[in-house]
Structure formats: C-alpha cells, structure tokens
Amino acid sequence: MSSRILWIKNASQLATLASGVKGPRSKSDMSELGLIENGSLLIKGNKILAAASAGEIEKKYAAILKDAEIIDASGRLVTPGLIDPHTHAAYGGGREQEFEMRLEGASYMDIMNSGGGIHATARMTREASEEELLEQTAVRLDSFLAHGVTTVEGKSGYGMELETELKQLRTMKKLNEQHHVDIVPTFMGAHAVPPEYKGREDEFVDYIIEVMLPEVSAEKLAEFNDVFCEVGVYTPEQAERILEAGKKFGLLPKIHADEIESYGGAELAAKVGAVSAEHLLKASEAGIEAMAKAGTIACLLPATALYLREEAAKGRKMIDRGVPVAISTDCNPGSSPTTSMPLVMNLACILMRMTPAEALTAATYNAACAIRREDRIGSLEEGKQADIVLWNVKDYRELQYLFGVNHVHSVWKKGIKVVG
C-alpha cells in the first residue's frame, strides 16, 4: 500500500455509517449514521486509517500528520462514496420516443409487447460494436462519479442471446479495469423473452441454463444472476429454474420482482435465498414478511416509479417490518434514464416516506450489502477502501432536503481525488 497520507479535517459532519451491526441493516439500525461532529478522516494510500475527531487523530497519529496532505472540510459534510446496487448502464442507443408514447397513454408492457422497450434496446445493443458500447457506458459512469457514486452494479440483459450478453459483460469488465467507478457485474439473460422465442419460453429458459450460464461462468464475467419475474415475462417457476441453475455456477441470485403486478416474486426471492429483490412496487404482505424472515434486501427504485407514474414501493412499511432496504437509480434507457443517486435519496424520502438517515444508509452501507461489498465499502471505517465524498452542505439532511441539485464538492476513489 502507498505511504501517501491524506487528512480530511474539520468536517461539519462526518457520516461514517459505522454502527457495529453486521450484515444489512433494518428497522432502527438504518438510522444509525455514526455521525461525528467536527470530524476528521485519515487515509493512508487507498485505505482508511481512522475516522474520529480532529483531536483524537492529532493525539494518536501525530508522528505521520506532518507529512499529510490536508483537506479543510470546514462547513461541509463527508460521507462514504454512494453505491448504486441496480443499474442497466451498459447499453446501446436510447428510447426517448417511448417517453413521449407513455405521455400519450401507452403502458410499459404495451410498448414492450409491440417490440419496443427492452426489445428495442436489445436491437440497438446487438448492433453496437464493443468499442461503441464501451464509449457510451463510460459517459454514464462519468456522470455517476460526478454525482458522488463510486461503485455500481451493472446488469447485462440487452442481448438475450449469447454473443451480445457476453459483449455487455466484457464491456463492464474492461470498464471496471479502466474507469474510476467500480462495476460489479450481474448476468441477466432472462431480462425478457426474445420475440423469436414467443410461445416457446421454456426453450429459451433451457438455452439460458444450458448455453449462456456455462459460458458466462467459464469467462468469470458475473457474480450475480438476475431474472425478470413478471406476468408476460418469466413465471415464478421459470425464474426459480434459472436462479437455481445459476447457483450451480457460483452466481448469487437476484430477482426483478413484483414490479407491474403482484406475482409471488418477493416470496420467491426469500425461497431461493436471493441477495436482493428489486422493484417490489406490488409486493404482497406475505412477500414482505418472507423477505424480512430471510434477510433478503429490498432494492427499491423510486425514480422508476416516478418516471412510469406509478405508486412507489412501500419502503416505509418494509423498513418497519424488518426488511433491509437499499435504493438505486435503476439507470436504464426506458424507465429511469438517470445517474443521480442524490435525486433517488430525495425520492426515497418523498415517495416512500423514508427518513434522510434511512435514505443515506440505503445508498451506502445497505447498497454495499446488496452487492456483497460491505466488507470493503459502504462505511468509513479503519481498513476499508477510501471511497469518499465531500459535499457542499453542512448537514446530511440537506442532501435530501435541497433536491434537484448536485451538491458534490469532491470525490476520492481509493484515496485518489477523481472529482473536484
């Protein structure tokens, strides 16, 4: 590790997100931000050395502070880098015309069933070269970083045939090596049923299991396996087959569940031991209870609900019932073309009645848990990766209160300033 020392001092608030609770947080634990007033953060190389008051750091680390680069954070908030645990950021083209179609009355499923939606992006992603896909996705990652996001999960799913799925995953692998933003890859060959398999859905499930999963596993291109369990897409039985097959290849299950209709997706997430269930706008009472018992993380996407003019998921109820909640942009070309996690934190408060503290936990520590990275990111603690955001606000509640504004002052990734 590099011996370079960075001392961020005098923060009006240092939100460490350290609480002593292991694993994803729920109920009152989501409000514990580990706040330190007039806090300081000491970084050595790419790791956090200490998070404490200035006095404590001066007393314990006096011998090395004389060589430190000092950042005066007076009047500003310091938090961990934001984490987006659900994105479809690697895609070709755009779908701005569908925005207009929805305003004229077409539903999400109407557009998809007529060859638009996911199918339209699949066509454009198939046509894009790997270089074009790399360039377009890098632009989105730049925007994430500018909004304080230092790690994202990225799904495939805009190919629904082997070569394009591999192209998406290889693009994410290259960007993970080249870009400041870390990308955690998820295979989602079961994002929709390709038109050529209409009426032969079980044959496509077989293709995913027998052809796609072995290839993705052989190249070690993904850590998670996701499926869109929804009426008109994949049944709970088909989704379970795909997720259980993925486990045999070492891919942890995630599931797009109960977005359009209540379809047993939340219950299935608990049954298969999914790390997280996504969307959940229409999750049933039984599904919420099952997720709470299983410890399945609810990854909620309020910007998608807003964009589709749907009622948001019941975030308040889920937290109160003991479901750990993370939040995400759902960055994608059709239903949430945004890279702003600060906006999503605001929407979590307004649309899902989460508190500002809960929203920040959901965008940092619980988001890290949703991609199995809580041992290295998501909180500012000794030994963790130095992914840090300095904000142009003095109090964490201002991040959600002053909405529609990018308050980022500076961002450090692994101890290196990358924004500001």
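Modeller: The charged end of R25 sits over the ring of Y365, at 3.6 Å from the ring centre; a charge sits over a ring if NZ of Lys or CZ of Arg is within 6 Å of the ring centre and within 35 degrees of the ring normal. R140 is likewise placed over the face of Y91, 3.5 Å from the centre of that ring.

The model is predicted, and local features need pLDDT of at least 70, side-chain atom pairs count only at pLDDT 80 or more, while totals for chains, interfaces and linings use all residues. Residues are numbered from 1 along each chain as its sequence is written, and side-chain values use heavy atoms, with hydrogens and water left out.

Turning to ring against ring, a pair of aromatic rings is described by the distance of the centres and the angle of the planes. The structure holds 5 aromatic pairs. Rings of Phe, Tyr and Trp (its six-membered ring) pair if their centres lie within 6.5 Å, and planes under 30 degrees apart count as stacked, over 60 as edge-to-face and the rest as tilted.

One of these pairs is formed by F99 and Y307: the ring centres are 5.2 Å apart and the planes lie at 25°, so the pair is stacked. Because F99 belongs to helix α3 (residues 96-103) and Y307 to helix α12 (residues 302-307), the pair ties together parts that are 208 residues apart in sequence. Helices (H or I, at least four residues) and strands (E, at least two) are DSSP runs, numbered from the N terminus. F99 is partly exposed, at 36% relative accessible area, and Y307 is also partly exposed, at 29%. Here buried means under 20% relative accessible area, exposed over 50%, and partly exposed in between (1.4 Å probe, protein chains only).

A further pair joins F204 and Y207, with 5.8 Å from centre to centre and 35° between the planes, and is tilted. Both residues lie in helix α8 (residues 201-218); being 3 residues apart there, they are separated by about one helical turn. F204 is buried, with 0% relative accessibility, whereas Y207 is partly exposed, with 22%.
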